[in-house]
Amino acid sequence: MRTASISRRTAETDVSVSIDLDGTGKAEISTGVGFLDHMLELFARHGLFDVTIKVEGDLHVDQHHTTEDTGIALGQAIAKALGDKRGIARYADIHLPMDETLSRIAIDISGRPFLVFRTSFRVEKIGQFDTELVREFFQAFAMNAGITLHVETLYGDNAHHIAESVFKGLARTLRKAVAIDPREEGRIPSTKGSL
């Protein structure tokens with residue numbers, strides 16, 4: 001079973017994450033940040049991952065530590081659930097529309113973490129959520145999942161739609177990249193023999 005649980009406690013946050021990569025899209029999310037909860041519920045549903053996330057963070061300061069540390073722990077859980085990555089498709093990409101917005105996401109589960117993030121927002125907040133935290137989440141996630149991740153919004157106006165398109169795009173792309181490819185016959189998808 002490709003499952004994992006991570007607990008991460010600092011002076012700023014206490015985060016626990018469980019994931020099943022071969023789930024049905026069930027989500028139990030409680031970060032204390034409503035918009036982040038919404039994005040993570042979309043991530044679980046569109047990735048068909050079963051995800052449980054519970055966070056207690058220093059929200060009296062702001063939402064930065066909670067958002068970043070959630071990305072760290074979720075990335076670590078995915079890396080742990082993938083193990084040695086035998087048999088996975090490894091690469092995937094998608095163009096994901098959300099009304100007037102179109103975003104392109106590409107992933108290589110390479111073991112070499114890198115983020116290219118070409119998405120911008122015309123406003124500083126979506127409700128109470130700082131839009132700059134979308135990038136912070138993706139950065140923390142990619143570095144700790146050990147993936148190369150390219151995120152680009154080709155066009156879009158509404159900040160909520162832009163955020164939703166990149167989170168849904170991440171979910172759909174990751175779903176394809178972690179899928180077991182029967183033609184790999186359990187091999188690691190690399191000429192080096194490891195990822």
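In the predicted model, the side chains of Lys168 and Glu164 meet in a salt bridge, with an N to O distance of 2.9 Å. Both residues belong to helix 4, which spans residues 159-178, and because they are four residues apart in that helix, about one helical turn separates them. Lys168 is buried, its relative accessible area being 14%. Glu164 is also classed as buried, with a value of 7%.

The structure holds 11 salt bridges in total. Side chains of opposite charge can pair when their charged atoms come close. Among the pairs is that of Asp84 and Arg86, whose side chains meet at 2.8 Å, N to O. Asp84 has a relative accessible area of 39% and is therefore partly exposed, as the value falls between the limits of 20% and 50%. Arg86 falls into the partly exposed class as well, at 47% relative accessibility. Another of the salt bridges links the side chains of Asp14 and Arg9, with an N to O distance of 3.5 Å. Here the two partners fall into separate classes: Asp14 is partly exposed at 29% relative accessibility, whereas Arg9 is exposed at 70%.

Helix 4 also takes part in a helix-helix contact. The axis of helix 3, which covers residues 132-145, comes within 11 Å of the axis of helix 4, and the two cross at roughly 20 degrees. Helix 3 is thus roughly parallel to helix 4, because angles under 35 degrees are assigned to that class. The crossing of helix 3 and helix 4 is left-handed. On the side of helix 3, the contact involves Val134, Phe137, Phe138 and Phe141. These residues meet Ala163, Val166, Phe167, Leu170 and Leu174 of helix 4. By class, the contact of helix 3 with helix 4 comprises nine nonpolar residues, with no polar and no charged ones.

Leu36, Leu40 and Phe43 make the contact from helix 1, and Thr66, Thr67, Thr70, Leu74 and Ile78 make it from helix 2. In the contact of helix 1 with helix 2, five residues are nonpolar, three are polar and none is charged.

Val51 is located in strand 4, which runs over residues 50-57. With 2% relative accessibility, Val51 counts as buried, because the limit for that class is under 20%. When residues up to four places away in sequence are not counted, Val51 touches Ser18, Ile19, Lys26, Ala27, Glu28, Ile29 and Ala44. The C-alpha atom of Val51 is separated by 9.8 Å from that of Ser5, a residue 46 positions away along the chain.

Positive phi values occur at Lys85 and Glu185, neither of which is a glycine. For Lys85, phi is about 70 degrees. Lys85 lies in the loop between helix 2 and strand 5, the latter comprising residues 91-98. Lys85 is buried, with a relative accessible area of 10%. For Glu185, phi is near 50 degrees. Glu185 is placed in the segment after helix 4. In contrast to the buried Lys85, Glu185 is exposed, with a relative accessible area of 68%.

Terms used. Residues are numbered from 1 along each chain as its sequence is written. This is a predicted model: local features need pLDDT of at least 70, side-chain atom pairs count only at pLDDT 80 or more; totals for chains, interfaces and linings use all residues. Side-chain values use heavy atoms; hydrogens and water are left out. A salt bridge is a side-chain nitrogen of Lys or Arg within 4 Å of a carboxyl oxygen of Asp or Glu. Buried means under 20% relative accessible area, exposed over 50%, partly exposed in between (1.4 Å probe, protein chains only). Axes are lines fitted to C-alpha atoms, for helices over the stretch in contact, and angles run from 0 to 180 degrees between N-to-C directions. Angles under 35 degrees count as roughly parallel, over 145 as roughly antiparallel, 65 to 115 as roughly perpendicular and the rest as oblique. A crossing is left-handed if the near helix is turned anticlockwise from the far one by less than a right angle, and right-handed if clockwise. Contact means heavy atoms within 4.5 Å. Ala, Val, Leu, Ile, Met, Phe, Trp, Tyr, Cys and Pro count as nonpolar, Asp, Glu, Lys and Arg as charged, and the others, Gly among them, as polar.
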